[in-house]
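New notebook page, new structure. I want to look up a few places in it and jot down what turns up.

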Amino acid sequence: LWKPVPDDFIQGLKWCLFSASNDPTQGVLTSIHVKKKTIASSDDMRVSLYSMSKGLDAEMLLPASSVDELVKFPVEEWCVVEPWAYFRTGAKAIFCAHMMDGQYPDPREFFEFEGEELELPDGLGKALESAEIIAAGDYPIDKRVKITIGKGRLVVFAENEALGWIKTEIDMGVKDCPSVEFVINPIFLREILGKTNTVKIGSDRALFQTDNFRHLVSLHGE
């Protein structure tokens with residue numbers, strides 16, 4: 001009944017958690033979709049895809065609110081007894097999640113677009129760390145910062161009604177970089193920068209990509 005989870009299962013859930021919607025009117029987009037080797041999430045403005053080292057012989061729609069708690073546990077095993085997904089730690093603690101009903105949309109087509117590769121500046125990680133303190137949000141997953149690139153400069157902006165705002169400008173090192181603006185979670189972006197400092201910029205979207213993870217963000221704002 002119990003089967004081992006892939007070594008990077010929890011890591012994949014963590015990376016996709018930031019893109020799941022918290023708007024209950026968006027139905028299945030408030031869940032994390034797990035199918036074989038792929039973990040996916042989206043809120044119509046962002047899409048995340050994580051490819052695990054090994055697959056799960058199952059399909060799950062796990063509520064993002066449940067996943068937010070699940071990733072705190074050192075899960076080693078899983079099983080599904082409809083409509084529940086069960087996860088067990090090495091200490092035999094069991095976490096239960098009631099799976100959502102519905103058909104999750106296939107987001108892979110959105111990753112196919114023409115764009116320009118852009119290298120992000122070294123100072124971005126430190127700027128995000130400072131912005132994270134100011135950025136509004138009751139929980140770390142809710143925090144957002146605005147990234148603006150143009151005229152050879154990158155600007156990180158965050159604000160909070162109680163604490164004020166912070167704005168950091170960084171030289172891109174090139175003058176002819178495309179002009180773009182997008183909103184992203186600062187904690188999440190710092191993790192991505194640990195894997196890659198390159199972003200692909202298209203006319204309406206930006207893509208961060210590593211060997212096993214892709215994150216797409218709309219450039220239309222929120």
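This is a predicted model: local features need pLDDT of at least 70, side-chain atom pairs count only at pLDDT 80 or more; totals for chains, interfaces and linings use all residues.

Before anything else, a term I need: a cavity here is a set of grid points where a 1.4 Å probe fits but cannot get out, and a residue counts as lining when it has an atom within 4 Å of a point.

**Entry 1: the cavity.** I searched the whole structure for cavities of 30 Å³ or more and got one. The volume of the largest cavity comes to about 30 Å³. Which residues line the largest cavity? I wrote down Phe 18, Arg 46, Arg 144, Ile 184, Asn 185, Phe 188 and His 215. Sorted by type, the lining has three nonpolar, two polar and two charged residues.

**Entry 2: the open sheet.** Next I traced an open sheet of four strands, and the order reads S1-S4-S5-S6 with antiparallel pairing. As background, strands of a sheet pair through backbone hydrogen bonds, either parallel or antiparallel.

**Entry 3: from S4 to S5.** How many bridges join S4 to S5? I find six, between residues 75–81 and residues 84–89, with the two strands running antiparallel. Val 81 has Trp 84 of S5 as its bridge partner. Pro 83 sits in the loop between S4 and S5, and the peptide bond leading from Glu 82 to Pro 83 is cis, with omega near 0°.

**Entry 4: Phe 95.** I then went to strand S6 (residues 94–98), where Phe 95 has its place. Is Phe 95 buried or exposed? Its relative accessible area is 15%, and buried means under 20%, so Phe 95 is buried. Leaving out residues up to four places away in sequence, I list its contacts as Ser 66, Glu 69, Leu 70, Phe 73, Ala 85, Tyr 86 and Phe 87. I also checked Phe 95 against Val 183, 88 residues apart along the chain: their C-alpha atoms are separated by 33 Å.

**Entry 5: positive phi.** Most residues other than glycine have a negative phi, and most peptide bonds are trans. Asp 44 has a phi near 80°, which is positive. I place Asp 44 in the loop between S2 (31–42) and S3 (46–63), and at 59% relative accessibility Asp 44 counts as exposed. Lys 92, not a glycine either, has a positive phi of about 75°. Lys 92 lies in the loop between S5 and S6, and Lys 92 counts as exposed at 53% relative accessibility.

Terms used. Residues are numbered from 1 along each chain as its sequence is written. Side-chain values use heavy atoms; hydrogens and water are left out. On a 1 Å grid over the protein atoms alone, a cavity is a set of points where a 1.4 Å probe fits but cannot get out, and a pocket is an open set with protein on both sides within 12 Å along at least five of seven lines; lining residues have an atom within 4 Å of a point. Grid points are joined across faces, edges and corners, and a volume is the space filled by probe spheres set on the points. Ala, Val, Leu, Ile, Met, Phe, Trp, Tyr, Cys and Pro count as nonpolar, Asp, Glu, Lys and Arg as charged, and the others, Gly among them, as polar. Buried means under 20% relative accessible area, exposed over 50%, partly exposed in between (1.4 Å probe, protein chains only). Contact means heavy atoms within 4.5 Å. Two strands pair if DSSP finds at least two bridges between them.
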